[in-house]
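Please read the following note alongside the sequence and the structure.

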Amino acid sequence: FSFVGNCEIDLEIKRYFCRAGVKSIQIHGTMRVILEPLIGDMPLIGALSLFFLRKPLLEINWTGLTNLLDVPGLNGLSDTIILDIISNYLVLPNRITVPLVSEVQIAQLRFPIPKGVLRIYFIEAQDLEGKDTYLKGIVKGKSDPYGIIRVGNQIFQSKVIKENLNPKWNEVYEALVYEHPGQELEIELFDEDPDKDDFLGSLMIDLIEVEKERLIDEWFTLDEVSKGKLHLKLEWLTLMPTAENLDKVLTSIRADKDQANDGLSSALLILYLDSARNLPSGKKINSNPNPLVLLSVGHKAQESKIRYKTNEPVWEENFTFFVHNPKRQDLEVEVRDEQHQCSLGNLKLPLSQLLESEDLTMHQRFHLSNSGPNSTINMKIALRVLSLEKQARSPDHQHSAQVKRPSLSKDARKSSFKPQVPVSPPPDSNKPAPASPVTDSDKKTDTAEKSQPPNASPQWPADLSRSSSSLHASNFSYSPSHLSVKEPTPSIASDISLPIATQELRQRLRQLENGTTLGQSPLGQIQLTIRHTMSHVFSKCFSLFFTGHRNLIAFSEEGSDPYVRMYLLPDKRRSGRRKTHVSKKTLNPVFDQIFDFSVSLPEVQRRTLDVAVKNSGGFLSKDKGLLGKLLIPLASEELAKGWTQWYDLTEDGTRPHGAS
């Protein structure tokens, strides 16, 4: 998903004489759209859900930002932190749900059950780089390493181990996984410094592989650094709707003997807060309160949004809590009036009641204590037991966690994470998605990144998305088809560069010739800048820059409406197609557009670039047709440097040669 656009958003806070606004917005990232449930009538789909799999890159061009940051409550923030907070609201488990049919039952969409829970044992590292130096760099010292662990927008930070290149953390984190394929475990190690923390390596692990293996305990080589290894133990916990295995799970995490309310989790509590009715007025009689709800399980608490001036608020919010022992713990709910800071009612629900309910689920209106005579709160609550189901394996089986190379070079990393990352919560922390001001690795693009690459005449914009290549491990062979997502079929109907189109173009050429000798480039020329880059946000990016064309043939008396379609052969799937905009009524169009293909250098050198220049026309228009083709084998050693060149267009693209 890539959006760049101007806008006009004005904000005024009269109390603080603050005027601010937004002039333009850019947002780039991987969005997932889920169309469900399917229904028997038009429009066939009852609702759609939208969310980003990981935090998108967001850039906002503010006006009056200085004024905004002077407002009390915002004066501790910065532009970067504000963007991080906004971005986090767009990432799982946050989602936008749009009903398409009013009657559709979308309760299941409002009550998303995670696919699983990832338990991460962040154990130790070995042979890290020594970043601290003494005597102006003459003497090499050690490092003060810590780790940042990320799954979607759930972020954990380990403790810092002082002056140690072989640190032992022995920490445990638990993270919710809502969508896969798509979500990954991302880990970055840093050396803590007073000013800017130094990068010590990174790691990305595909969660599909963790789910498949259930349990992985191994050393991983760190990427983007010359040395260093990280020891992780990963467990994929399945969410079970029955309490059959609860005693076994409690024993495995030693929750059956201790009386503590924290530690490793045996269950997950999922709560949908719908609404409340007949709330009391609060301190002032006949005045409507500003109700919010405080929810807590053990030492963990969350709160809802505030609903203003109503005694029948509707929240429609989801919450999740990791539960250490549901046999002993309670869910405590308190409705409060934010305006007068007083309680409007409370509820205490022993989680053992859920263990006795069908599917471990309760959906009802609960009467509030210490409230009005008819005050109720409507909630749907479900408990899911976290079970580690070990796979049956043959003795000689070797598992293989698919490790992905990170998408950023260490030179592109921003300054210290340390001031902006909250200290890691305890292992059973339930906050799945705090909108915390954390600098995301997706945002680490510096001014240096936006510099013009060598040997390329056009100005290249900074790459604004991310990608990752796979590192083969064990006997597992990764290919795009491994992901359990159906690729669209090859785009046949839309590709008019078929033999019939070539035949029509040859016929048009003969008509143009009509007894005269055509020039060296009868179909005109196209200028391309071709380059493969490893230094931008893409870890593997083949980029094309379309500058323009000259001397195209005319499709009508008014000229042509050209646009360019391209593939990296042999891939002719719809998802692999790129298109420029249409340039109206011209034979010398200027496009100035850049297109990226996420392909490694060795892979792109086995590909052929298929470029077709076409004339746009309406549906069934006779003016639709081919203006020329170009096929460029990319097996060139110069690909990393890049080049800019004019190419002759031909009828079938088989005889391209550089014009200049």
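1. The model is predicted, so local features need pLDDT of at least 70 and side-chain atom pairs count only at pLDDT 80 or more, while totals for chains, interfaces and linings use all residues. Residues are numbered from 1 along each chain as its sequence is written, and side-chain values use heavy atoms, leaving out hydrogens and water.

2. The protein chain has eight helices and 34 strands (DSSP runs numbered from the N terminus: helices H or I of at least four residues, strands E of at least two). Of its 660 residues, 51% are buried (under 20% relative accessible area, with a 1.4 Å probe and protein chains only; exposed is over 50%, partly exposed in between).

3. Among contacts (heavy atoms within 4.5 Å) between residues at least 6 apart in sequence, 69% join residues at least 24 apart.

4. Three strands form an open sheet in the order 1-2-5, with antiparallel pairing (two strands pair if DSSP finds at least two bridges between them). Strand 1 (2-13) and strand 5 (57-63) are at the edges; each has a single partner strand, so one side of each lacks a neighbour in the sheet.

5. Strand 2 (residues 18-28) pairs with strand 5 over seven bridges, in the antiparallel sense. Leu57 of strand 5 is the bridge partner of His28.

6. Val98 lies in strand 6 (residues 96-99). Its relative accessible area is 32%, so Val98 is partly exposed.
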